Amino acid sequence: MRLIGYPLDSTSKWSKGPLPSRSKIHGGAGLALVFLLAACIADPVALRGNGAGSARAVELPHGDASVAGAYLAGRVALDEGKMLEAAENFEIALSAEPDNGDLRRQVFLLRLAGGDLDKARETAASLVDLGIESDEARMLLAFDALRKGELDVAHERISQIGPGGISGMVGPLIDAWMQFAEGKIDEALTSISAGSGSDGLALVRTYHHASMLTITGREQDAYDLLKPAVVDTDRLPTRLLIALIGIEMRLGRDTEALATLDSQLALAPEDTVLIDLRREVASGVTPQMPIRDARTGMADALLSLARALGDQRGGGQGLILARLASDLAPDEGDIWLFIAQQMLIENNIPRALEALDNIPHDGLYSWDADLLRARAYGADDRDDEAHALLEEMSQRRPERSDALIMLGDMLRRDERFAEAEVAYSEAISRITTPGPDQWRLLYARGIAYERTDRWDLAEADFLKALELEPDQPFVLNYLGYSWVDKGLHLDRARGMLNRAVELRPDDGFIVDSLGWAHYRLGEYDDAVVNLERAVELQPDDPVINDHLGDAYWRVGREREARFQWERALIFNPDDDVAAEVRRKLESGLPAVSEAESD
């Protein structure tokens with residue numbers, strides 16, 4: 001049988017869930033956008049002292065092969081998301097060419113992204129002393145000076161931030177907050193409201209402007225500025241929402257604050273931050289403003305841009321900005337949550353957990369932090385800890401289903417289908433009004449039922465999932481194939497599989513399902529066409545290669561069939577598949593009449 005699960009993890013046909021599998025979490029992909037080494041260090045040949053193919057070959061000291069080894073070790077560490085280890089090795093490589101500004105800059109960025117801010121500051125100072133351009137280094141040194149009360153030094157550093165690139169986008173906001181820190185309130189208010197409407201930061205500037213007004217006791221002016229700016233905005237950024245509610249409550253508009261919050265909860269009813277915030281507001285607690293002074297203002301600006309970059313697959317640069325934000329405002333839980341998310345993407349589990357440890361256990365972000373912690377445990381093969389945490393969370397908040405869903409996904413990933421079904425069923429029992437997105441949960445439980453030989457229950461879940469999401473290709477594929485395999489509802493099943501392929505024509509597993517359905521129906525020529533396409537799309541999958549071998553055999557292409565079966569063995573099939581393929585290599589397939597009687 002060739003069925004696939006919801007492909008948030010495409011490494012396994014049975015995997016599904018909001019967490020990547022251990023093998024799928026990648027290292028270095030996001031950071032590759034930032035840590036692109038210059039030509040002088042991009043080719044390991046250069047560090048071996050061989051100038052071929054390199055514009056600036058590095059001449060190593062005689063006998064110092066350890067430098068080349070350190071560079072290569074650094075590249076491996078970077079690919080694995082181990083930023084600080086990469087920085088240590090690249091720093092050794094600098095001994096081969098100490099004036100290499102590009103490599104020195106990368107060492108700084110790696111230390112900053114990895115969270116070693118003390119060494120990052122040292123490296124930042126060396127960059128500035130050597131005249132090596134780095135806006136991030138200027139910002140880090142400026143924030144250090146600000147913390148020490150050296151406002152003149154801090155402002156000078158910030159004023160040197162270039163107008164281009166990512167830093168140039170956030171530079172004017174930081175500069176305005178620097179003026180605010182110096183007591184130049186009117187100048188700061190003028191600066192914060194200036195800027196191009198085309199840079200995408202208009203709402204951020206308005207929010208920061210309102211925050212400055214609130215800090216100076218001008219809450220009514222802040223309300224008059226911010227409230228109209230969000231009238232036509234659906235889902236508000238959480239920090240902006242908290243600021244607006246805080247301003248409303250400071251003005252005695254508690255009922256309006258609750259209405260503002262309820263309108264946002266209607267758009268995101270499962271958001272624990274909003275749920276917990278509403279409980280506080282309903283009890284009369286005025287939330288703390290996200291921006292309370294110049295430092296938290298600068299940190300907020302950096303985090304806003306970091307999130308925007310993360311949404312646009314610029315996670316590496318976003319991580320650097322978030323680390324700068326954490327230097328300014330180390331007590332902000334959402335900054336650490338973002339850092340932990342990026343660390344987990346890089347498969348840097350220790351740094352992800354380290355970031356999560358900075359989030360208060362009783363704060364607004366504690367639930368999201370615990371979900372991410374469980375995900376990190378699972379990615380690190382610490383399944384028992386992950387399961388225990390998720391079970392505790394499900395008891396801590398018995399009205400919520402997300403911890404149980406994650407637990408079910410983890411169990412299903414490990415093919416513990418009976419246990420997964422229990423978790424999913426409990427999660428479903430907690431959902432009072434199923435929405436369209438609940439097809440995923442029904443689909444997941446349907447897989448667990450099917451894999452534990454409870455087809456009637458599985459079929460019911462798949463059909464219900466299709467009621468919620470009629471054109472969901474993965475459900476169409478799973479149910480359609482299952483019906484064909486069981487000889488049920490063949491016309492409807494064929495229509496489902498054709499529709500699934502229409503929706504995802506480049507999904508090798510779904511195309512394989514359609515091809516295999518043709519095979520099971522005795523339509524061998526059509527099976528060959530589709531299975532050849534599936535192998536093109538997914539050439540290293542053993543089951544698809546096996547299926548194509550079977551189809552070739554049925555159309556008389558026995559030599560090609562044996563070739564495909566041999567290919568299937570190359571790609572490490574499961575033991576039962578491998579045994580069947582070896583049997584076919586020895587004896588071929590039985591006659592069609594005999595096969596149909598099996």
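Contact here means heavy atoms within 4.5 Å. Welcome to a predicted model, in which local features need pLDDT of at least 70, side-chain atom pairs count only at pLDDT 80 or more, and totals for chains, interfaces and linings use all residues. Residues are numbered from 1 along each chain as its sequence is written, and side-chain values use heavy atoms, with hydrogens and water left out.

**The chain overall**
- The chain has 33 helices and 0 strands, taken as DSSP runs (helices: H or I, at least four residues; strands: E, at least two) numbered from the N terminus.
- Of its 598 residues, 53% are buried, meaning under 20% relative accessible area with a 1.4 Å probe, protein chains only.

**Around proline 539**
- Proline 539 sits in the loop between α29 (524-537) and α30 (542-554).
- With a relative accessible area of 38%, proline 539 is partly exposed, the class between buried and exposed (over 50%).
- Beyond its neighbours within four places in sequence, proline 539 is in contact with Asn545, Arg567 and Phe571.
- Glycine 508 is 31 residues away along the chain, and its C-alpha atom is 8.7 Å from that of proline 539.

**Helices α21 and α22**
- The axes of α21 (residues 383-396) and α22 (residues 402-413) come within 8 Å and cross at roughly 155°; axes are lines fitted to C-alpha atoms over the stretch in contact, and angles run from 0 to 180 degrees between N-to-C directions.
- That angle makes α21 roughly antiparallel to α22, a label for angles over 145 degrees.
- Residues making this contact include His387 and Leu390 of α21 and Leu407 and Met410 of α22.

Notes. Parallel < 35°, antiparallel > 145°, perpendicular 65-115°, else oblique.
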